[in-house]
Every structure is written in C-alpha cells, then in structure tokens.
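Hello,

Here is the structure I promised to hand over to you. Have a look at it first, and then read my notes below.

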Amino acid sequence: MAFVITSPCMHEQAADCVDVCPVDCIEKGSDQFFIDPSRCIECGMCEAVCPIGAVYQDFEVPEEEQVSISRAKEFFFAS
C-alpha cells in the first residue's frame, strides 16, 4: 500500500483528494474513497488536502485505523 484513506472518510467523503490526484488513483467505494496502490505515485497531495485528516501513508496509519488497510486491499484485490 502507499497511502490509505481511513474511517473518518466514511462520514465526510469530501472528495478533495479526488480533485488533486494527478494520476486518478482514488476511487469511490460504497461508503468511502479508496486509493489504488498500484496506481498511486505517492505524491502526498491527497494527504495534504484532506480536510478531516483521513489520509495516511501506510506505515503511519494509527493502530485503531489498521482495519482501513485491510479494507483497501479488499476493495482492490478481492476476487
């Protein structure tokens, strides 16, 4: 994973991240946005503009939000 969008996005879904992503790697799921790790170039623009601080680099995701990594993997890699 590169950047991960965590649970605060479920309530807000501001989409500022979608607007600034230079490679269009952010997709809307049923309840939040997700960053496609295979397309993300790790520029950090999504993290910088998120008005609720829901975006983290994968290694900085808080312990209580670790499930967000699993949810992102499931969104992109579930068969």
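**Charges, and then the rest**

In the protein chain, the mean positions of the 4 positive and 15 negative charges lie 7 Å apart. Lys and Arg count as positive here and Asp and Glu as negative, while His and the chain ends are not counted. Each charge is placed at NZ of Lys, CZ of Arg, CG of Asp or CD of Glu.

Before you go further, please keep in mind that this is a predicted model, in which local features need pLDDT of at least 70, side-chain atom pairs count only at pLDDT 80 or more, and totals for chains, interfaces and linings use all residues. Residues are numbered from 1 along each chain as its sequence is written, and side-chain values use heavy atoms, with hydrogens and water left out.

**The overall fold**

The protein chain has four helices and four strands; these are DSSP runs numbered from the N terminus, with helices (H or I) of at least four residues and strands (E) of at least two. Along the sequence, their pattern is β-α-α-β-β-α-β-α. The radius of gyration is 11 Å, close to the 12 Å that the globule rule gives for 79 residues, so the protein chain is as compact as a globular protein of that length. That radius is taken over C-alpha atoms, and the rule is 2.2 Å times the number of residues to the power 0.38.

Of the 79 residues, 38% count as buried (under 20% relative accessible area; exposed is over 50% and partly exposed in between, with a 1.4 Å probe and protein chains only). Contact means heavy atoms within 4.5 Å. Among contacts between residues at least 6 apart in sequence, 63% join residues at least 24 apart.

Where does Gln32 sit? Gln32 is in the loop between strand E2 (26-28) and strand E3 (33-35), and at 1% relative accessibility Gln32 counts as buried. Beyond its neighbours within four places in sequence, Gln32 is in contact with several residues, including Ile5, Cys9 and Arg71. The side chain of Gln32 also reaches the backbone oxygen of Ile5 at 3.1 Å.

Ala15 lies in the loop between helix H1 (8-12) and helix H2 (16-20). Its phi is near 70°, a positive value in a residue other than glycine, and at 22% relative accessibility Ala15 counts as partly exposed.

Glu42 belongs to the loop between E3 and helix H3 (45-49). Phi of Glu42 is near 60°, a positive value in a residue other than glycine. At 46% relative accessibility, Glu42 counts as partly exposed.

Best wishes

Key
Polar contact = N/O pair within 3.5 Å; in protein donor to acceptor, adjacent residues only side chain to side chain.
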